[in-house]
Amino acid sequence: MAKVNPDKTEEIFEKYFKAGRILSQVRSEAKDRMKVGVSMFEVAEFVEKRTLELGADGSAFPCNLSRNDEAAHATPYAGEETVFGEDVVKLDIGVQVDGYIADSAITVDLSGEYGDLVKASEVALNAAIGTVKDGTNTAEIGAVIEDTIIALGFKPVGNLTGHGIDRYTPHAPPSVPNRRIGNGSVLHTGDVIAIEPFATDGAGRVVDGSLTEIFQVVRSKPVRLPAARKLLKELEPYRTLPFAKRWCKTEQLDFALLQLEKAGIVHSYPVLKEAGGGMVAQTEHTLIVTDDGCQVTTK
Ligand code: MN
Ligand code: MN
């Protein structure tokens, strides 16, 4: 992963940092807007528009606003009127500059009752970041995250992981576990990874929910149905980056999406829910591994 042309290294890393700086600002402005009674759709659209205004080339994926026992992959549908309640909200943002991605999440506790849970994911992320340098095994990261979250009285969500990041590829190898595993992968200087501990008071794993608003083109091949063909054309600018259904204007959208999914061209990301119905908190940063530590791009 992150195999870069040595001549381009500085230029490429500057793009990762630019994406990270924009993300940090958008994240902080979005957080200030998240209040009980505020439209989720408006916050998601704000994040995506602001990302462009601040000079990014686009979102690396739709703004995720997952509430309570939803861990990830929730985003409003077109025109959705749902407002935030006293929810525990995971705000997960992706920004790309020339395909170089920043991925970061915070949990905003609008209930005022889950501060300890949120803290557990934050402390686990900081502890994990502290272990990263050239030569760190991802198994060490998983162990630190598990131990930290358990010591604070919660469980890590074991079947969600952090990940490597490549150009136009938000999820690349290696996976970065949130629990103790047997064999991990060794990280090297220049690797770009996202670490994202999830803490819960539930079962410690997620299952697919019934709603899906986020999709991704995973391979291209010819399609015959006009609606599917039109949609595939509309999706070209996103390349291999995930997109939201609400971004699409093609008519017969559900039908077209289903055809592309059946053909193996589009992959769907259903909302992920805590298996025991537990509350979930997530905190995430993107970082670049260095010889003696790492540089967080999304501080
Ligand atoms: Mn994320
Ligand atoms: Mn991520």
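Guide: Let us begin with terms. Strands are DSSP runs of E with at least two residues, and they are numbered from the N terminus. Please note that this model is predicted.

Visitor: How many residues line the largest pocket, and which of them lie nearest its centre?

Guide: The lining consists of 26 residues, and those nearest the centre are H73, H163, H171, E196 and Y269. Two or more lining residues come from each of β1 (58–67), β6 (162–166), β7 (169–176), β10 (206–217) and β12 (266–274).

Visitor: Which element gives the most to this lining?

Guide: The strand β7 does, with 5 residues. By class, the lining of the largest pocket comprises 11 nonpolar, 11 polar and 4 charged residues.

Visitor: Let us turn to helices. At what angle do α3 and α4 pack?

Guide: Helix α3 (residues 115–131) packs against helix α4 (residues 138–151) at about 150 degrees, and their axes are 9 Å apart. Angles over 145 degrees count as roughly antiparallel, so α3 is roughly antiparallel to α4. Their crossing is right-handed.

Visitor: Which residues make the contact?

Guide: From α3 come A120, V123, A124, A127, A128 and T131, while α4 supplies I141, V144, I145, T148 and I149. This contact of α3 with α4 has 9 nonpolar residues, 2 polar ones and no charged ones.

How values were computed
Residues numbered from 1 in each chain as written. Chains lettered and ligands numbered in written order. Predicted model: local features only at pLDDT ≥ 70, side-chain atom pairs only at ≥ 80, totals over all residues. Heavy atoms only, no water. Axes fitted to C-alpha atoms, helices over the stretch in contact; angles between N-to-C directions. Helix = DSSP H or I, 4+ residues; strand = E, 2+ residues; numbered from the N terminus. Parallel < 35°, antiparallel > 145°, perpendicular 65-115°, else oblique. Left-handed = near helix turned anticlockwise from the far one by under 90°. Contact = heavy atoms within 4.5 Å. Nonpolar A, V, L, I, M, F, W, Y, C, P; charged D, E, K, R; others polar. 1 Å grid on protein atoms, 1.4 Å probe; cavity = no way out; pocket = protein on both sides within 12 Å on 5 of 7 lines; lining within 4 Å.
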